[in-house]
Amino acid sequence: MERDYRQRLFVTSYLLVIIWAGVIFTLSSEGHGASTSRSDLIVNYLQSAGALLPTDLLTFLTRKAAHIIAYFIFGVLAYNVVRHYTLRARRTILISSAIVLGYAISDEVHQLFVPGRSGEVRDVLIDTVAGTVAVVLTYLIHRRIVKRRAARRASNPQQVQA
């Protein structure tokens, strides 16, 4: 029963990272007009809420925040796939970060073929840093949870482990 649960968790982890990669791909496939109208909508909202930054700077920050959020989520999901392979912590972090880097590069190359879009090395760096921060934070949270569970089991030896 425990094995079935772990298998479902493993498959679900893979599906989530694939779905999220599809979301990123879909957003990157939008032409310049659709991308601009979405960021303009957010910028207009922020300005109406009292943001005092110039429109160009606010647009730039909004677009980069979208990269950070998208790849932070991707980093969490990538880590959750790789951790199922029970590798050493450093290797899990490196492989997860490499997956983020590889997808960030492929995403920017993909954008070279989308009308009105461009591939930017700066975006690869932003995406990779955001994803790697997510990988490390997820690792630290996961390690803390595992240690707490182990401490609970040690303090309650009567508890039967499935």
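Q: Is I141 buried, partly exposed or exposed in this predicted model?
A: I141 is found in helix α5, and its relative accessibility is 53%. Because the class of exposed residues begins over 50% relative accessible area, I141 counts as exposed.

Q: Which helix gives the largest share of the nonpolar surface patch?
A: The patch, of about 630 Å², is made by F72, V129, V133, V136, L137, L140, I141 and I145. Seven residues of the nonpolar patch make up the largest share, and the helix from which they come is α5.

Q: How many residues apart are K64 and D123, whose side chains meet in a salt bridge?
A: The N to O distance of this salt bridge is 2.6 Å. The pair links distant parts of the chain, with K64 in helix α3 (residues 55-82) and D123 in helix α5, and the separation between them is 59 residues.

Q: Are K64 and D123 buried or exposed?
A: Buried residues are those under 20% relative accessible area. K64 has a relative accessibility of 12% and D123 one of 4%, so K64 counts as buried and D123 likewise counts as buried.

Q: What is the distance between the closest N and O atoms in the salt bridge of R38 with E30?
A: R38 counts as partly exposed, at 37% relative accessibility. In its salt bridge with E30, the closest N and O atoms of the two residues are apart by 2.7 Å.

Technical notes
Residues numbered from 1 in each chain as written. Predicted model: local features only at pLDDT ≥ 70, side-chain atom pairs only at ≥ 80, totals over all residues. Heavy atoms only, no water. Patch = residues over 30% accessible without salt bridge, like charges linked within 9 Å, V, L, I, M, F, W, Y side chains within 5 Å. Areas by Shrake-Rupley, 256 points an atom, 1.4 Å probe, with all protein chains shown as cover. Salt bridge = Lys/Arg side-chain N within 4 Å of Asp/Glu carboxyl O. Helix = DSSP H or I, 4+ residues; strand = E, 2+ residues; numbered from the N terminus. Buried < 20%, exposed > 50% of the residue type's maximum accessible area, 1.4 Å probe, protein only.
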